[in-house]
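Please consult the sequence and the structure alongside the text.

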Amino acid sequence: MQERSGEAALFDRAVLDSRIAFVSASFLLAYGFSALLDRVGAPERFVAAAPPWFTVVALAALGFLLHSMRVSFYYAGGRAIPAAYSGFANAAVAVSLLLPFATRLAGHSWWIGVVCGAFLGLAVTALFLGPLLRRTGVFSLSGFLAARFPRTLPRFGLILAISLSSGLLAVAGSQMAVDALVELTGAGRVFSAFTIAAAGLVIAGPGGLGAAVWAAAAAAGVALLGFGWPVAALDFQGQLPVGLFGGAGWKEAGELFTGWKLMPDPMGIFVEIGATIAMALGVATLAPVLAPAVTTETPESARASGVLTLGWSLLFGLLIAAAIAASALSLAASVSGRSAERLPASVFAASSRGLVAVCEARVATPPRRSGPARRKALRPGRRSRPPMCGPSTAITFSAPCPARPISARPPRAS
């Protein structure tokens, strides 16, 4: 691939900066407008649904604006993405891999297991494999391995394994995006799936890898604002129940997650070590994690991008863990000592949507009780269980009902 002249590179950088500034200003204006609508009394459902839809549309628009017919931009981002942006985008991709294990992050289960393995694999990718790919000039790890294994069978075996793992990751990421869009906006699953697929096609189709990396950088900015702003605001007001770098709240949150069966018990040192190694090898070979290093200007820039990737990933992990731990502690405090009819409205809202069961039934409004049952409440000091769980997780409340305890188990499928 021929390197472009300095004047052409500066022109491309100026065009990219102008487009990124436009999209960033659009994000800020849109989120500020949503906050203003909330303040003036707009319908709550509209205010909650508007930001997710705008985020999807804005990311798709960014990818479309970065369309290019140049092969170097489509497959390698023009080899011109600065290390700061590349590392920021890669951190968003890496942390998204940890979202299914968010309760382990919040429970500070970072040492041996999937979380430790993910960060080890990320370190190998960011500090060694990424700069290696940039130095050799290849576009992907499969291309690097294919060039060093001349025989057909090993080459196709390696390419198939990497392609399969990356494809499964793409499917899982799309499923997570669809679930989030359905939960946040109340849209139908089919329409949400079509929207996510169309957005991915618009981002990567016209612009290739260059557009995907810039869109990931924009998504990282949204994630930083979404997780960092609430945590920073609560910490500034002295209401954050956990500290970013330690404190008693983390232990209590971990105990809550363990009691709620949201964080599995340790499975033995050898099993945990095996999970660590397997996770590290899997993350280290994922194409989405390696791709941003290919788009940097020089191998030194790729190495700097790797260092920034690790730093931003740790920060994202701390913010996500703090947000989830604070939510769990706040939820436990909000239901402790309350009878069934005095539970928060969010419990019954979740029950009406089929996410939890109150007294083994879907209940949209608080139950009415009279007599001595009205005075019954959860005993102080007795740990409550959260009114939320997945389709296969049984989590029970201990607050009293008219005849039986409140249950956070999902309703049985009919």
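Which residues line the largest cavity? They are Ala-94, Val-95, Leu-97, Leu-98, Ala-118, Phe-119, Leu-122, Val-283 and Ser-313.

The model is predicted, so that local features need pLDDT of at least 70 and side-chain atom pairs count only at pLDDT 80 or more, while totals for chains, interfaces and linings use all residues. Residues are numbered from 1 along each chain as its sequence is written, and side-chain values use heavy atoms, with hydrogens and water left out.

**Cavities**

A cavity is a set of points, on a 1 Å grid over the protein atoms alone, where a 1.4 Å probe fits but cannot get out; lining residues have an atom within 4 Å of a point. Grid points are joined across faces, edges and corners, and the volume is the space filled by probe spheres set on the points. Two cavities of 30 Å³ or more are counted.

| Cavity | Volume | Largest share of lining |
|---|---|---|
| Largest | about 60 Å³ | α6, three residues |

Helices are DSSP runs (H or I, at least four residues), numbered from the N terminus. Around the largest cavity, α4 (83-96) and α6 (114-136) each supply at least two lining residues. By class, this lining has eight nonpolar, one polar and no charged residues, where Ala, Val, Leu, Ile, Met, Phe, Trp, Tyr, Cys and Pro count as nonpolar, Asp, Glu, Lys and Arg as charged, and the others, Gly among them, as polar.

The lining of the second largest cavity includes Asn-90, Thr-125, Gly-130, Pro-292 and Ser-305. Two or more of its residues come from each of α6, α12 (287-294) and α13 (299-335). This lining divides into six nonpolar, five polar and no charged residues.

**Helix packing**

Helix α2 (residues 44-65) packs against helix α9 (residues 189-236) at an angle of about 60 degrees, with the axes 7 Å apart. Axes are lines fitted to C-alpha atoms over the stretch in contact, and angles run from 0 to 180 degrees between N-to-C directions. The angle therefore makes α2 oblique to α9, as angles under 35 degrees count as roughly parallel, over 145 as roughly antiparallel, 65 to 115 as roughly perpendicular and the rest as oblique. The contact of α2 with α9 has 18 nonpolar, four polar and no charged residues.

**Salt bridge**

One salt bridge is counted, defined as a side-chain nitrogen of Lys or Arg within 4 Å of a carboxyl oxygen of Asp or Glu. Asp-179 and Arg-189 form this salt bridge through their side chains, at 2.7 Å from N to O. Asp-179 lies in helix α8 (residues 152-185) and Arg-189 in helix α9, ten residues apart.

Terms used:
On a 1 Å grid over the protein atoms alone, a cavity is a set of points where a 1.4 Å probe fits but cannot get out, and a pocket is an open set with protein on both sides within 12 Å along at least five of seven lines; lining residues have an atom within 4 Å of a point.
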